[in-house]
Amino acid sequence: MAEELLRNLYRIEIPLPGSPLGWVNSYVIKDPERNLIIDTGLNRKECLDAMLGGLAEIGVDLKQTDFYITHLHADHFALAQSLSDVTTTVYMNGPDKAFIENWQGWEPIAEFLVLNGFPRDEIDSAINSHPAQKYGSWQMPMMSAVEDGDIIRCGGYDLMAVATPGHTRGHTCLYERVNKLLFSGDHILIDITPNIGCSVEGTNPLELYLASLDKVFGMQVDLVLPGHRRLLRDCNSRIEELRQHHRRRLEEVLSILEYGPQNAYEAASRMTWDIDCSSWEAFPVSQKWFATGEAVAHLRYLEESGRVVRDEHAGCRVYSIT
Ligand SMILES: [Zn+2]
């Protein structure tokens, strides 16, 4: 079902069955020349049906429609493949576009997680249950790179790209100055906290994410249109909650390391998670995968701030308090 939010601007709810995220908010902007769809859904039937149903309701012709994807994750990007053809422009930020175009398979990520304590014998099932593996897109559309500050004009709106790395390396929101709208992708969500994970060497995603929160904190925003869940109005209060969440998380990780040196997987097993499972052992393997990545992100941040040190023993990376 399509909901009209403002003139020429609609929201279509795209279901994500079985995902704690619930659904994707797909925003459609109608324009006599070219319509624009911001984020799409997974490459699966439930998503496609909801999208086509919503577009039919508001009379949007896919042949006159382009896409803006806030970041590379399959729940935002994958359905664009089924909806686009050679005449379609699919806008994507540079770093995420490069990551997709240089994709080397799961192996480098799997090796990195094993180095951080993830059990090697659970890697295959973790990959096979990953949403990008099950419902990703394997025929990439041509993508047009978007840089910080670029403007996309559509439906009477000037949409400015605002680079907000952290959730992914290139995550980029769209900002509309007149109505003070922020299409926030997975940078700012309400009811759930965006996953900040680290699955590659040499990066510090949490530092990037906190800096991106600071960047948006200084902007005039009256309505946040996120990639999942409810829309929200008080952007700055939510940013402050997200900052506090990560401050608490960092303290929690430090207190866990007081029990002794640990790898990220062990630390993740002791962190508190907002998930309906009685124990770490009962976590679905895909959630253990995301949790380990999130533990690495917090450990990396603490390491860069000089509060923990990293060692390597027998092919496994271990952290301890300085
Ligand atoms: Zn995401």
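**View A. Surroundings of phenylalanine 118 in the predicted model.** In this predicted model, phenylalanine 118 touches Leu113, Ile123, Ala126, Tyr265, Val285, Lys288, Trp289 and Thr292, leaving out residues up to four places away in sequence. Phe118 belongs to the largest nonpolar core, which has 52 residues. Together with Leu182, Ile188 and Trp289, Phe118 touches the most other members of that core. Two or more core residues come from each of α4 (107-115), α5 (123-128), β10 (172-176), α7 (205-217), α8, α9 and α10 (285-304). Another core, of 28 residues, lies apart from this one and includes Val24, Ile69, Leu72 and Met92. In soluble globular proteins, nonpolar side chains tend to be buried together.

**View B. Helix α4 and the elements it packs against.** The buried residues of α4 are Ile109, Ala110, Phe112, Leu113, Val114 and Leu115. These buried residues pack against α3 (94-101), α5 and α10, and also against β13 (308-313) and β14 (316-321). Glycine 117 follows α4 and has a positive phi, near 100°.

**View C. Asparagine 263 in the loop between α8 and α9.** Asn263 sits in the loop that runs between α8 (235-257) and α9 (264-270). Its relative accessibility is 8%, so Asn263 counts as buried. A polar atom of the Asn263 side chain lies 3.0 Å from the backbone nitrogen of tyrosine 265. Beyond its neighbours within four places in sequence, Asn263 is in contact with Asn116, Gly117, Cys316, Arg317 and Val318. Of these contacts, Gly117 is the residue with positive phi that follows α4.

**View D. Glycine 260 beside serine 320.** Glycine 260 is also placed in the loop between α8 and α9. With a relative accessible area of 16%, Gly260 is buried, because the cut-off for buried is under 20%. The C-alpha atoms of Gly260 and serine 320 are 6.6 Å apart, although 60 residues separate the two along the chain.

**View E. Histidine 298 and histidine 246.** Histidine 298 is part of helix α10. Its relative accessible area is 0%, and His298 is therefore buried. The side chains of His298 and His246 make a polar contact at 3.1 Å. Not counting residues up to four places away in sequence, His298 touches Leu206, His246, Arg249, Leu250 and Val253.

**View F. Histidine 187 in the loop between β11 and α7.** Histidine 187 is located in the loop that connects β11 (181-185) with α7. Its relative accessible area is 1%, so His187 is buried. The His187 side chain reaches the backbone oxygen of serine 212 at 3.3 Å. Setting aside neighbours within four places in sequence, the contacts of His187 are Thr164, His171, Cys173, Pro194, Tyr209, Ser212, Leu213, Val216 and Leu242. His187 and leucine 21 are 166 residues apart in sequence, with a C-alpha to C-alpha separation of 14 Å.

**View G. The second largest pocket.** This pocket holds about 150 Å³ of space. Its lining consists of Gln81, Ser84, Asp85, Val86, Thr88, Val90, Gln139, Met140, Pro141 and Met142. By class, 5 of the lining residues are nonpolar, 4 are polar and 1 is charged.

Terms used:
Residues numbered from 1 in each chain as written. Predicted model: local features only at pLDDT ≥ 70, side-chain atom pairs only at ≥ 80, totals over all residues. Heavy atoms only, no water. Helix = DSSP H or I, 4+ residues; strand = E, 2+ residues; numbered from the N terminus. Buried < 20%, exposed > 50% of the residue type's maximum accessible area, 1.4 Å probe, protein only. Polar contact = N/O pair within 3.5 Å; in protein donor to acceptor, adjacent residues only side chain to side chain. Contact = heavy atoms within 4.5 Å. Core = buried A, V, L, I, M, F, W, Y, C linked by side-chain atoms within 4.5 Å. 1 Å grid on protein atoms, 1.4 Å probe; cavity = no way out; pocket = protein on both sides within 12 Å on 5 of 7 lines; lining within 4 Å. Points joined across faces, edges and corners; volume = space filled by probe spheres on them. Nonpolar A, V, L, I, M, F, W, Y, C, P; charged D, E, K, R; others polar.
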